[in-house]
Amino acid sequence: MVKHAFEDRVLLVPYDKKSAYLVLDSGVGPGTFFERLRRFKVKLLTVCPATWLWDVAQELSSSAILHGVDIEHKMFRPVRPANMSFSVNTVTNLPAEWTERFDIVHQRLLLTALRKDEWVAAISNMHRVLRPGGWMQLGEVGDWHSGPVTIKHRRFVHTLFAARQLDLD
């Protein structure tokens, strides 16, 4: 849906299709939220790991180097292009040797994974690994208002987030 809204693009920062960028996707998997829903037998559309990184591989030159991290290796695609790699890491403590390494850092939907007290470390780490002049693309959701039908759902989500010490704001 997001890709469709942005003219079939997932990379929203300025870029040149021919340049050899070094791109980091910090949190490639469908996340623990979707895993919990599956345990309760909630029917979902297929949610594939590294979907954003896979789409970026189609947008950028094959000379771009694409790297994804997540807290579990099961979030990584076994079949991938030669310029795509993965490692087990956490966005709250990225490796020191990555300082000023990446041209583009992407992160989305960590809202269901990071507690309030972890956000400062996550944003600081993503900023630290950016090269000077690099771009950070964040994709989170905020509170939503779409009529009286969503009021009960919003209360449930707020209660769930508060119980897990997650921050919806």
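How many bridges join β1 to strand β2, and in which sense do the two run? I looked this up and noted that 5 bridges join β1 to β2 (residues 65-70), and that the two strands run parallel; strands here are DSSP runs of E with at least two residues, numbered from the N terminus, and two strands pair if DSSP finds at least two bridges between them.

Before going on, I wrote down that this is a predicted model, in which local features need pLDDT of at least 70 and side-chain atom pairs count only at pLDDT 80 or more, whereas totals for chains, interfaces and linings use all residues. Residues are numbered from 1 along each chain as its sequence is written, and side-chain values use heavy atoms, with hydrogens and water left out.

Next I looked at the pairing in β1. Val 23 stands opposite Leu 66 in β2, while Asp 25 stands opposite His 106 in β4. Strand β4 (residues 102-108) pairs with β1 in the parallel sense over 3 bridges.

I then checked how covered β1 (residues 22-26) is, and found 5 of its 5 residues buried, where buried means under 20% relative accessible area, exposed over 50% and partly exposed in between, with a 1.4 Å probe and protein chains only. In a regular strand the side chains alternate between the two faces of the sheet. On one side of β1 I noted Leu 22, Leu 24 and Ser 26, and on the other Val 23 and Asp 25, all of them buried.

Last, I turned to Trp 135 in strand β5 (residues 130-139), which is partly exposed at a relative accessible area of 41%. Its C-alpha atom is separated by 8.4 Å from that of Pro 14, 121 residues apart along the chain.

Technical notes. Helix = DSSP H or I, 4+ residues; strand = E, 2+ residues; numbered from the N terminus.
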